[in-house]
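Work through the exercises below with the sequence and the model open. Try each task before reading its solution.

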Amino acid sequence: MTLQQLRYLIAIANCGSISSAAHELYVSQSSLSIAVRDVERECGVKIFSRSSKGITLTSEGAELLGYARQVVEQADLMEARYKGHAADSPQKLAISSQHYAFAVEAFLAFVADYEGEGYTFSLSETRTADVILDVSEFRSDIGILYLSSFNEQVMGKALEDANLSFTELFCANPHAFVGEHHPLSSRKSLKIEELAPYPRYSFEQGSSNSFYFAEEPFAELPSEKRVIISDRGTLSNLLAHHNGYTVATGVLSSEMHSGIVSIPLETDEVMRVGYVTHAERQLTQLAQRYIETLTRVIEEHS
């Protein structure tokens, strides 16, 4: 079978009929029918069931389409990665990260300092599982996340399965982030149980939601009041204007200095923040430059 045949199958499944797919792809219906027939013969399965209402995937067809989508997606990623791969082609760098303000600040500084003519730089603040997936499937050069004694066994297995290597950037004791008018904001340190009466803010983790993939330490502790969000802007507003809290590294970036206080927690837990890379891929010069910028920003705001 060919990539083109797989693309035809995916289009037919998406459109719900061969005629609609033919119209969308600007090919004849007979070409699509032949592609379906040839793949069915080669794989020995029936992909579509036909009726007066159109076509639907069989159970074997749904499974085959799952593999087809993965193959086509990987082919598209490879083509995008190496298309025009010449000395004068645009420079590329992609970063995936848990929600860390210092990672964003470093990215902004990196972009501002870059003097090349052509480039494509991207930063995705995303869920923990997506950070791992992006790097493992070469969508991102670097992923930024943390390990701790609580999550290291599960996260370490996830990184190993994805063929990723973890490099530590810094260690931090967990801190509670609260607004400057929070009842606890003047405290020099806190016990984790003292935060229990207040709403806890945490980042949404989607279908991979588990205590081990949480971006905040002590996520396993019960909380009667929880607010789940997906971006740092919302988190900053909640912290600045309401009496909730979140737990993080304690590294404040310039955008968070106003109205937000970081208070160390009295705990033996340690957050090991670092970056992950694919074990079979060398860091590019751009990736190395970003890590240098990231290290500098962390030192400035520690």
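## Exercise 1: A surface patch

Val154 sits in helix α7, residues 152-161. The model is a predicted one.

**Task.** State which residues make a nonpolar surface patch with Val154, and decide whether Val154 is buried, partly exposed or exposed.

**Solution.** 
- Step 1. Find the partners. Val154, Phe211 and Tyr212 make a nonpolar surface patch of about 260 Å².
- Step 2. Take the relative accessible area of Val154. The value is 32%.
- Step 3. Apply the cut-offs. Buried means under 20%, and exposed means over 50%. Val154 is therefore partly exposed, at 32%.

## Exercise 2: The whole protein

**Task.** Describe the protein by its helices and strands, its span, its buried share and its contacts.

**Solution.** 
- Step 1. Count the elements. The protein has nine helices and twelve strands.
- Step 2. Take the span. Along the principal axes, the C-alpha trace covers about 75 × 50 × 35 Å.
- Step 3. Look at burial. The protein has 302 residues, and 44% of them count as buried.
- Step 4. Residues 24 or more positions apart account for 76% of them.

## Exercise 3: The cores

**Task.** Name the residues that touch the most other members of the largest nonpolar core. Then find which element gives the most to this core.

**Solution.** 
- Step 1. Start with the members. The largest nonpolar core has 26 residues. Those touching the most other members are Leu93, Tyr100, Phe102, Ile142, Ile144, Tyr290 and Leu294.
- Step 2. List the elements that each supply at least two residues. The strands are β3 (91-97), β5 (142-147), β6 (164-172) and β12 (271-278). The helices are α5 (101-113) and α9 (285-301).
- Step 3. Pick the top contributor. Helix α9 gives the most, with seven residues.
- Step 4. Zoom in on Ile144. Set aside its neighbours within four places in sequence. Its contacts then include Ile95, Tyr100, Val131, Tyr275, Tyr290 and Leu294.
- Step 5. Look for another core. A second, separate core has 20 residues, among them Leu6, Ile12, Ala21 and Ala35.

## Exercise 4: Helix α5

**Task.** Compare the length of α5 with its expected span, then list its buried residues.

**Solution.** 
- Step 1. Count residues. Helix α5 has 13.
- Step 2. Work out the expected span.
- Step 3. List the buried residues of α5. They are Ala101, Phe102, Ala103, Val104, Ala106, Phe107 and Phe110.

## Exercise 5: Salt bridges

**Task.** Say how many salt bridges the whole structure holds. Then examine the pairs Arg232 and Glu125, Glu300 and Arg296, and Arg139 and Glu137.

**Solution.** 
- Step 1. Take the total. A search of the whole structure finds 14 salt bridges.
- Step 2. Check Arg232 and Glu125. Their side chains meet at 2.5 Å, N to O. Arg232 lies in helix α8 and Glu125 in strand β4, 107 residues apart.
- Step 3. Check burial in this pair. Arg232 is buried at 11% relative accessible area. Glu125 is partly exposed at 28%.
- Step 4. Check Glu300 and Arg296. The closest N and O atoms are 3.5 Å apart. Both residues lie in helix α9, four residues apart, about one turn of the helix. Glu300 is partly exposed at 48%, and Arg296 is partly exposed at 35%.
- Step 5. Check Arg139 and Glu137. The closest N and O atoms are 2.7 Å apart. Glu73, Asp134, Glu137 and Arg139 are linked in a network of salt bridges.

## Exercise 6: A loop glycine

**Task.** Locate Gly16 and list its contacts beyond four places in sequence.

**Solution.** 
- Step 1. Locate the residue. Gly16 is in the loop between α1 (3-15) and α2 (18-25).
- Step 2. Gly16 is partly exposed, at 30% relative accessible area.
- Step 3. List the contacts. With neighbours within four places left aside, Gly16 touches Gly54 and Ile55.
- Step 4. Take a distance. Gly16 and Val71 are 55 residues apart in sequence, and their C-alpha atoms are 21 Å apart in space.

Terms used:
Residues numbered from 1 in each chain as written. Predicted model: local features only at pLDDT ≥ 70, side-chain atom pairs only at ≥ 80, totals over all residues. Heavy atoms only, no water. Core = buried A, V, L, I, M, F, W, Y, C linked by side-chain atoms within 4.5 Å. Buried < 20%, exposed > 50% of the residue type's maximum accessible area, 1.4 Å probe, protein only. Contact = heavy atoms within 4.5 Å. Patch = residues over 30% accessible without salt bridge, like charges linked within 9 Å, V, L, I, M, F, W, Y side chains within 5 Å. Areas by Shrake-Rupley, 256 points an atom, 1.4 Å probe, with all protein chains shown as cover. Salt bridge = Lys/Arg side-chain N within 4 Å of Asp/Glu carboxyl O. Expected span 1.5 Å × (residues − 1).
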